[in-house]
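Have your viewer open and your selection tool ready. We will stop at a ligand and then at a contact between chains.

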Amino acid sequence: MSISKAPPDISPVSADVPPDVPSAVPSAVPTAIAPELRPVVPVSARRRPLPRWLRRTTGPLLLLAAWQLLSATGVLRPEVLASPGTIAGTAADLVSSGQLPSAMAVSLQRVVFGLLLGGAAGITLALLSGLSRLGEDLVDASVQMLRAVPFVGLIPLFIIWLGIGEAPKVTLIALGVAFHLYLNVYAGIRGVDEQLIEAGASLGLSRRALVRHVVLPGALPGAMTGLRYSLATAWLALVFGEQINASDGIGFLMTQARDFLRTDVIVVCLVVYAFLGLTADIVVRALERLLLQWRPNFTGR
Amino acid sequence: MATELHRPVSHDVPPAAGGPAAVRVAGLTRAFGGRPVIDGLDLTLRPGEFTALLGRSGCGKSTLLRVLAGLDREIAGTVLVPERRAVAFQAPRLMPWKRVWRNVLLGLPGRPGRAIAEAALEEVGLRERSGAWPKTLSGGEAQRASLARALVREPDLLLLDEPFGALDALTRIKAQRLVAELWQRRGCAVLLVTHDVDEALLLADRALVMRDGVIAHDTPVALPRPRDAGDPRLTALRSRLLAELGVDTPASAETA
Ligand SMILES: Nc1ncnc2c1ncn2[C@@H]1O[C@H](COP(=O)(O)OP(=O)(O)O)[C@@H](O)[C@H]1O
Ligand SMILES: [Mg+2]
């Protein structure tokens with residue numbers, strides 16, 4: 001260890017030292033120069049020019065304004081992309097005619113069914129292989145193998161097996177959901193701190209109680225991550241699934257709009273997809289705040 | 001993973017040896033991959049006795065403690081332990097997803113109420129943090145919560161694996177006093193694993209040194225309490241124990 005600011009060699013201020021030597025007594029460290037001091041500004045005193053939500057909406061609004069400008073000046077032709085104004089009008093029409101709400105309801109229903117089905121399958125398999133060696137040997141290898149197949153590539157098979165009704169669409173969504181949940185819940189279970197399991201055992205917990213009080217809560221962060229991923233995948237699967245001969249739902253609206261070159265309707269549908277996805281994300285975040293409040297995590301500034 | 005606790009970790013018929021005992025170990029062997037870490041170890045702990053187990057890092061102290069706790073049962077030999085026993089580890093090992101009082105009650109039979117947890121937390125001076133999440137506790141507080149969790153089980157045998165090792169010096173002194181106090185009130189047998197000779201001399205009735213897989217040295221610490229680390233009567237004992245641990249310069253050197 002080296003201390004660079006070792007005190008200077010203060011020779012004994014005694015009688016045999018000439019008195020005209022600059023005295024070391026009043027300022028103990030004569031060579032040290034006082035550094036310039038600056039205040040540490042408290043957070044509350046920092047100037048906040050704009051509230052957060054306003055700052056965050058400025059960017060998208062500017063983008064919209066630019067888009068409207070390009071459309072109005074004719075640089076962006078309506079066959080390529082409709083103007084924001086037109087799109088807003090179209091959205092209002094689609095809503096008031098009831099077309100959009102009913103399409104949303106149909107699509108939402110597909111996602112919910114797919115989520116429930118895939119969630120049940122994924123979590124069950126993850127528990128099987130996460131909690132028992134036998135389950136792991138039976139389940140995990142198969143799932144890892146199937147994971148290599150891009151699930152969207154299974155659409156043709158699903159059509160042959162399940163026809164073109166709701167079944168192939170829901171199955172596609174369920175498949176995407178099941179994989180994500182399986183992988184994350186399984187990893188979550190296996191990632192539970194061995195020391196906590198040992199502590200639980202030392203408290204006399206039975207195997208069931210260990211699973212309930214230690215393993216499952218410990219796997220919850222992983223499960224929530226899995227839920228987020230699987231929601232994102234669910235929307236993707238929905239978009240793909242609804243391209244298969246749909247006769248209703250948002251995908252059907254889009255296919256129809258494509259045939260009539262209605263870029264405004266297409267954009268409205270995309271916005272709806274985005275809106276639904278965002279809503280789902282907000283729900284999951286709220287769920288995380290509720291269920292994972294025990295976690296010492298960084299919340300951002 | 002799961003172990004059936006509250007049952008003696010025994011293999012053979014208990015030897016009907018003389019005197020009451022809180023722990024009776026005979027010919028215990030535990031090997032990792034063919035390398036015995038505990039090798040024919042014999043040990044008897046008397047009820048209500050405070051025993052310190054010293055030994056160099058890696059000599060098998062934690063392994064022995066885990067065997068006594070019933071956490072490690074890949075053993076040979078006889079191990080008899082009381083049904084009610086509790087462990088406090090070096091890290092508090094609180095379940096981060098349970099509030100402090102729920103951590104304290106975890107694993108208790110029946111449906112004990114929060115009041116029971118709070119009584120135990122009161123004993124370690126932590127009652128007002130009963131509803132807190134473990135992440136909001138300081139190191140010393142978490143360790144005290146872990147102690148409360150062990151004590152609420154009213155153990156006949158309390159196993160402590162370097163419970164003060166991760167605490168800062170001031171907190172450690174307070175925690176040591178707390179343990180001494182709790183032990184005197186409860187009267188349970190305590191086995192304290194430590195690598196700190198002074199800690200052993202401050203707290204224990206009896207000091208053991210573990211070496212080469214057995215208890216190599218066993219000495220009573222017959223001094224009245226409360227003790228002072230500077231007590232001259234401890235000096236001879238300290239140098240003896242340090243010598244047993246392989247440290248020659250008694251006063252300055254400290255085991256790691
Ligand atoms: N699970 C394990 N697998 C293999 N070796 C282990 C295991 N646990 C402990 N050991 C070994 O046993 C020896 C004793 O460990 P331990 O009881 O933790 O020592 P300490 O006296 O420091 O508490 C060490 O050499 C350690 O490497
Ligand atoms: Mg250890």
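Start by selecting β2 (35-45) and α1 (61-68) of chain B, each of which supplies at least two residues of the shell around ligand 1. Helices (H or I, at least four residues) and strands (E, at least two) are DSSP runs, numbered from the N terminus. The biggest giver is α1(B), with three residues. This is a predicted model, where local features need pLDDT of at least 70, side-chain atom pairs count only at pLDDT 80 or more, and totals for chains, interfaces and linings use all residues. Residues are numbered from 1 along each chain as its sequence is written, chains are lettered from A and ligands numbered from 1 in the order in which they are written, and side-chain values use heavy atoms, with hydrogens and water left out.

Next, show the residues around ligand 1 (a heavy atom within 4 Å), among them F32(B), R35(B) and K61(B). Zoom in on T63(B): an N or O atom of its side chain is 2.6 Å from an oxygen atom of ligand 1. At G60(B), a polar backbone atom sits 3.0 Å from an oxygen atom of ligand 1.

Now move to where the chains meet. Which residue of chain A forms a salt bridge with R66(B)? Select E198(A): the closest N and O atoms of this pair are 2.6 Å apart.

Finally, colour α7 (194-202) and α8 (207-241) of chain A, which each supply at least two residues of the side that touches chain B. The most comes from α7(A), with eight residues.

How values were computed:
A salt bridge is a side-chain nitrogen of Lys or Arg within 4 Å of a carboxyl oxygen of Asp or Glu. A polar contact is a pair of N or O atoms within 3.5 Å; within protein, one must be able to donate a hydrogen and the other to accept it, and residues adjacent in sequence count only if both atoms are side-chain atoms.
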